[in-house]
Amino acid sequence: MVQGANKEQVAPPDWPGSLPEFLVYQELLRRGLREGFDFTYQSKFMGGRLDKGGAVVDFLFFNPPDLAINVQSEFFHYQTAELRTHDELQRIALEGQGITVIYIDESDIVKNVGFFLSEALRFRDHSRAVK
């Protein structure tokens, strides 16, 4: 089982996201899930990031249906109250559309991507966002 990233690991140069997102993506593929069939990566909702009130979901699943997993980094999600409020408002908007949002903290992915992804796929959120 993949235990996370080593200090030298980087995402491929053509990867559109972060290393932790890539680690989750790799783990999903390792488990036999397929992008476009079992899940999508970087799904836009309500116009996406550039529209006011819009959101981008890192991983949106078809099975289990209506599950979204977002990777949370310290810098972009927890550094200020404004960032935390923004994420909470996005969660509320997505839940209003019947989508359950589970967050996985970047630090947890690096520690043990397999465990925290398994938990997220069971709708269990261990992130700082829900503490």
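Visitor: What pattern does the protein chain follow when read along the sequence?

Guide: Welcome! This is a predicted model, and its protein chain follows the pattern α-β-β-β-α-α-β-α. That comes to four helices and four strands.

Visitor: How much of the protein chain counts as buried?

Guide: Of its 131 residues, 44% count as buried.

Visitor: What makes strand β3 mostly covered?

Guide: Strand β3 spans residues 67-72, and six of its six residues are buried. L67, I69 and V71 point one way from the strand, while A68, N70 and Q72 point the other way. Both sets are buried.

Visitor: Why are β2 and β3 said to pair?

Guide: Two strands pair if at least two bridges are found between them. Strand β2 (residues 55-61) and β3 have three bridges, so they qualify, and they run in the antiparallel sense. Here F61 stands opposite L67 in β3. The hairpin of these two strands has five residues between them, and D66 takes a positive phi near 65 degrees there.

Visitor: How do you know that β3 also pairs with β4?

Guide: The cut-off is at least two bridges, and six join β3 to β4 (residues 100-105), so these strands pair as well. They run parallel, and V71 stands opposite I104 in β4.

Visitor: Why is I99 called buried?

Guide: I99 has a relative accessible area of 6%. Buried means under 20%, so I99 belongs in that class. You will find I99 in the loop between α3 (81-96) and β4. I99 and L67 are 32 residues apart in sequence, and their C-alpha atoms are 5.7 Å apart in space.

Visitor: What makes E119 buried rather than exposed?

Guide: The relative accessible area of E119 is 9%. This value falls under 20%, so E119 is buried. E119 is found in helix α4. Leaving aside neighbours within four places in sequence, E119 is in contact with R124 and H126.

Visitor: Which residues touch the most other members of the largest nonpolar core?

Guide: This core has 21 residues, and V24, L28, F59, F61 and I69 touch the most other members. At least two residues of the core come from each of α1 (19-30), β1 (39-45), β2, β3, β4 and α4 (106-121). Another core, of seven residues, lies apart from it, and includes V57, L60, A68 and L94. In soluble globular proteins, nonpolar side chains tend to be buried together.

Visitor: Which residues does F61 touch, not counting those up to four places away in sequence?

Guide: F61 touches L28, L33, D38, F39, D66, L67, I69 and L121.

Visitor: What share of the contacts with a separation of 6 or more comes from residues 24 or more positions apart?

Guide: In the protein chain, such residues account for 50% of those contacts.

Methods
Residues numbered from 1 in each chain as written. Predicted model: local features only at pLDDT ≥ 70, side-chain atom pairs only at ≥ 80, totals over all residues. Heavy atoms only, no water. Buried < 20%, exposed > 50% of the residue type's maximum accessible area, 1.4 Å probe, protein only. Core = buried A, V, L, I, M, F, W, Y, C linked by side-chain atoms within 4.5 Å. Contact = heavy atoms within 4.5 Å.
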